[in-house]
Amino acid sequence: MKKWNKLLFGLIAFMAFHQNAQSDDKKPTNKPNVIIIITDDQGYGDIAAHGNEIIKTPAMDRLRNQGVAFDNFHAGSTCAPSRSALMTGMEGHRAGVWHTIAGCNLLREKFTAMPQVFQDNGYATALFGKWHLGDAYPYLPENRGFETALYHSAGGIGQTPDFWDNDYFDDVYLRNGKPEQFEGYCTDVFFDEAIKYIEEKKDQPFFLYLSTNAPHGPLNVPEEYYNQYKDEEELLDFQKAYYGMITNIDDNITRLEKKLKELKLMDNTILIFTTDNGSQYGWRNIKGKEYGFNANMRGLKSSQYDGGHRVPFFMYWKNGNLKKGKSIDQLVMSYDVLPTLIDLCDLEQPKETQYDGKTVSPLIFGEVKNWPKRYAVLDKNKTQHPVKWKLSAVMDNDWRLINGKELYNIREDVGQENDIASSHPEKVEEMRNAYEKWWEHVSKDFSKFEYYKVGVDGIDETALTVHDIHSDEPLAWNQDLIRDPLSGKKPALTDVGFWTIDIQQEGYYTVTLARWPKEAGLQFDSKVEALGITKSWYIARPEGRVIPLKKAMLEIDALRVYQDVDMSSKGTSFRVYLNEGKARLVGKFIDEDNKDISAFYVYISKEK
């Protein structure tokens, strides 16, 4: 009996020690679930808790007030660069992404993406919504660690690689690469599917990346959400739709939280809310009158000023003992998120990986008085060849050096109105030196584009679109421009670029150049009617323009072949022999005036 008493006493002592140890390091021993909710083009000021007196965001406000808020958190100033940093823990440029289109938005294959890290540590992994880091193998989300991936292609619903005529309502999305029809509004669908996934995976740790397309334009929104703001005189009409899209997201967050509580998963789930860049539509100044709210910051999406890249970042985790309502004002970057989650979840880091980011868990769990000084840099370099200092910001906690010339202290001047560079030349020089070191670091791979792999076993066909063509001039990157490439200020078809492909197997291939995507079932000469009715909360698409074409030309390195175009066909096909290796592919048409026009869609398949 004494022996059993000793064993029982020992067990009680061990449990007490374990509980005390858990309390000391403030991390639970069982793996937490991780959910990242990231919205598209929603800014810091587009949340009620940040001082916006019009917008309705109770769920986002609740996450901020019950969790930890990072008030000096910065993403990229545009979508894909921001997401590449988040997904890799690396500087976006170094991850191969400095553009949103034009073949410079492919996440470098050599880096291990966030979902792969979680998968390698025993987590189930899923994506619902937007990816924007590659639209063909090996850059698709299911190639980068997501076991389940339900997504639209490209950077937004209605862009060129997306399923034809998607418009946010009753769309076709890709589930692990296969098209699937859904009913309902896009945000509702992505949250519905995420909730189903949570129910399925409730008994194992999961990593869920819930990446909404909203409130990215076009500003299509359910009418009832537009109507919540239709009488607001302090908003422009398109802002009413924009705010409605955000409130719809907020309602869906409430639904998600309700399910987590119902399944008793809420307490041990790290729930993160953030956005990918500054506000696109949330603020305007028209003839001296302000509409909307930007938290007094300068700049919107794409800007090098804080309004372009300072974004909300809230973290809730009850079992992690995070201090409720805590605000962190030290500079934190989107590439710090992965190293931080590896730390919080006690994951094994990929071997021989040195992240550009660092864990900020000391800031989360304690008051750190001597947090190491750091400089961070971001820019907008939407071009084939990044340019030094272009639309750039060098940052530390309080200071911002803009374009290498303008200097601001955001503690004293949040609106970045008073350039104090002339009175702080030593600070300017110090920050310029930091930029030079950053440029040297991120530019080492600028001579290397990424390549879509074709002729891969198990993949019958590779689809390329003009959205991803390497060109100094952006071509038809959205379906409005596919329908009518001559409708904009500059024709979206005059500059012919190239695609980068990596041929995996030598042999005969069929390469088809097309005007329309396969799923549309359209011929070169098809009359395409306008899509939808223009309303204040729904944006229609234009009629399709018939472009008379004479010839098609395919060029792959030294190979160049021509064919006549049959306007009653759906595409012009070439049978060509390709050798293994990397190549540049050019596909174009020649019209009746002998002008070159880039192919909008290219389909490549290997003969079996």
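1. Contact here means heavy atoms within 4.5 Å. Bear in mind that this is a predicted model, where local features need pLDDT of at least 70, side-chain atom pairs count only at pLDDT 80 or more, and totals for chains, interfaces and linings use all residues. Residues are numbered from 1 along each chain as its sequence is written, and side-chain values use heavy atoms, with hydrogens and water left out.

2. Leu256 is also one of the residues with the most contacts inside the largest nonpolar core, along with Ile35, Ile37, Leu208 and Ile253; this core has 54 residues. Helix H7 gives the largest share of it, 9 residues. A second, separate core has 52 residues, among them Leu140, Phe146, Val337 and Trp371. A nonpolar core is a set of buried Ala, Val, Leu, Ile, Met, Phe, Trp, Tyr and Cys residues joined through side-chain atoms within 4.5 Å; buried means under 20% relative accessible area, exposed over 50%, and partly exposed in between (1.4 Å probe, protein chains only).

3. Now the sheet. An open sheet of 10 strands runs in the order S7-S6-S5-S4-S8-S1-S9-S12-S2-S13, with mixed pairing. Strand S7 (178–181) and strand S13 (326–328) stand at the edges with a single partner strand each, so one side of each has no neighbour in the sheet. On average, neighbouring strands are turned by 15° against each other, direction ignored. Two strands pair if DSSP finds at least two bridges between them. Strands (E, at least two residues) and helices (H or I, at least four) are DSSP runs, numbered from the N terminus.

4. Which strands does H7 lie across? They are S1, S8 and S9 (269–275), and H7 runs at about 170° to S1. Axes are lines fitted to C-alpha atoms, for helices over the stretch in contact, and angles run from 0 to 180 degrees between N-to-C directions.

5. S12 is worth a look. Both of its faces are covered, with Phe313 and Met315 on one side and Phe314 and Tyr316 on the other, all buried. S12 (residues 313–316) pairs with S2 (residues 68–70) in the antiparallel sense over 2 bridges; Ala69 has Phe314 as its bridge partner, and Val68 stands opposite Met315. S9 and S12 also run antiparallel, joined by 4 bridges, with Leu271 opposite Tyr316.

6. Buried residues of H5 include Phe191, Ile195, Tyr197 and Ile198. Among the elements covering them are S1 (33–39), S4 (124–130), S8 (206–211) and H7 (237–262).

7. Thr125 lies in S4 and is buried, with a relative accessible area of 0%. Its side chain reaches the backbone oxygen of Gly145 at 2.6 Å. Thr125 also touches Tyr197 and Phe207, among others.

8. Lastly, Ala85 sits in helix H3 (residues 79–88) and is buried, with a relative accessible area of 4%. Apart from neighbours within four places in sequence, Ala85 is in contact with Met90, Gly92, Ser334 and Tyr335.

Terms used:
Polar contact = N/O pair within 3.5 Å; in protein donor to acceptor, adjacent residues only side chain to side chain.
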